[in-house]
Amino acid sequence: MSRNVESLNKKLLAAAVSSTKAKEIKTLLSQGADIHAQNEWGLTPVMLAAQYNPSVSVLKALLEAGADIQEAEPKYRSNALHLAANKSSSPKIIAELLKAGADLNARNYLGETALILAVNTNNETRIVSELLKSGADINARDYQGHSVLEYAKAAKRTYIINQLKKMGAN
């Protein structure tokens with residue numbers, strides 16, 4: 001890979017995190033940045049945008065350019081939806097990933113679904129609400145046998161516990 005492409009890829013990875021406008025993404029891609037570039041942890045631009053960037057226009061630009069939303073990072077085998085559920089503050093990011101075909105109930109290597117991750121690690125209740133509204137499996141269990149409801153109870157998330165119970169979670 002040439003130094004120029006490597007430099008463009010680094011800029012694209014950074015822009016995926018911090019850019020607020022799709023134009024920056026489109027420009028870097030038109031200059032030769034690779035939509036499938038990976039950082040040192042194996043995260044692609046779409047994974048970084050899903051996890052850290054609340055800009056739906058940036059995410060859309062990456063998706064329109066052919067980003068693979070099913071691709072999983074190498075350590076935990078989490079995809080863009082898992083990463084968004086884990087850290088994103090924007091329910092619109094979750095909605096956009098689902099609209100683009102993300103698997104709502106896909107599991108990472110620990111057996112965690114996006115809903116389990118959101119309940120367990122993301123303090124933004126709107127993310128959990130978006131996943132519930134979209135039909136996430138409320139009775140999913142990770143590979144250790146822990147349920148969504150158990151994670152909500154352990155995290156003392158009363159509102160989510162009540163929502164899950166109203167929906168029939170066990």
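Figure 1. E124 is partly exposed, with a relative accessible area of 24%. Buried means under 20% relative accessible area, exposed over 50%, and partly exposed in between (1.4 Å probe, protein chains only). R126 is partly exposed as well, with a relative accessible area of 46%. The closest N and O atoms of R126 and E124 are 2.8 Å apart. A salt bridge here is a side-chain nitrogen of Lys or Arg within 4 Å of a carboxyl oxygen of Asp or Glu. The structure holds three salt bridges. This is a predicted model: local features need pLDDT of at least 70, side-chain atom pairs count only at pLDDT 80 or more, and totals for chains, interfaces and linings use all residues. Residues are numbered from 1 along each chain as its sequence is written, and side-chain values use heavy atoms, with hydrogens and water left out.

Figure 2. Helices (H or I, at least four residues) and strands (E, at least two) are DSSP runs, numbered from the N terminus. E130 is buried, at 11% relative accessible area. K133 is exposed, at 65%.

**Figure 3. R141 and E150 meet in a salt bridge.** The N to O distance is 3.7 Å. R141 is partly exposed, with a relative accessible area of 36%. E150 is partly exposed at 37%.

**Figure 4. Y76 and Y109 form a tilted aromatic pair.** The structure holds one aromatic pair. Y76 and Y109 are 5.7 Å apart centre to centre, with 40° between the planes. Rings of Phe, Tyr and Trp (its six-membered ring) pair if their centres lie within 6.5 Å; planes under 30 degrees apart count as stacked, over 60 as edge-to-face and the rest as tilted. The pair links distant parts of the chain, 33 residues apart. Y76 sits in the loop between helix 4 (56–64) and helix 5 (80–87). Y109 sits in the loop between helix 6 (91–99) and helix 7 (114–121). Y76 is partly exposed, at 36% relative accessible area. Y109 is partly exposed, at 45%.

**Figure 5. L164 in the largest nonpolar core.** This core has 57 residues. A nonpolar core is a set of buried Ala, Val, Leu, Ile, Met, Phe, Trp, Tyr and Cys residues joined through side-chain atoms within 4.5 Å. Those with the most contacts inside it are L62, L97, L115, L131 and L164. Leaving aside neighbours within four places in sequence, L164 is in contact (heavy atoms within 4.5 Å) with L132, I138, V148, L149, A152 and A169.
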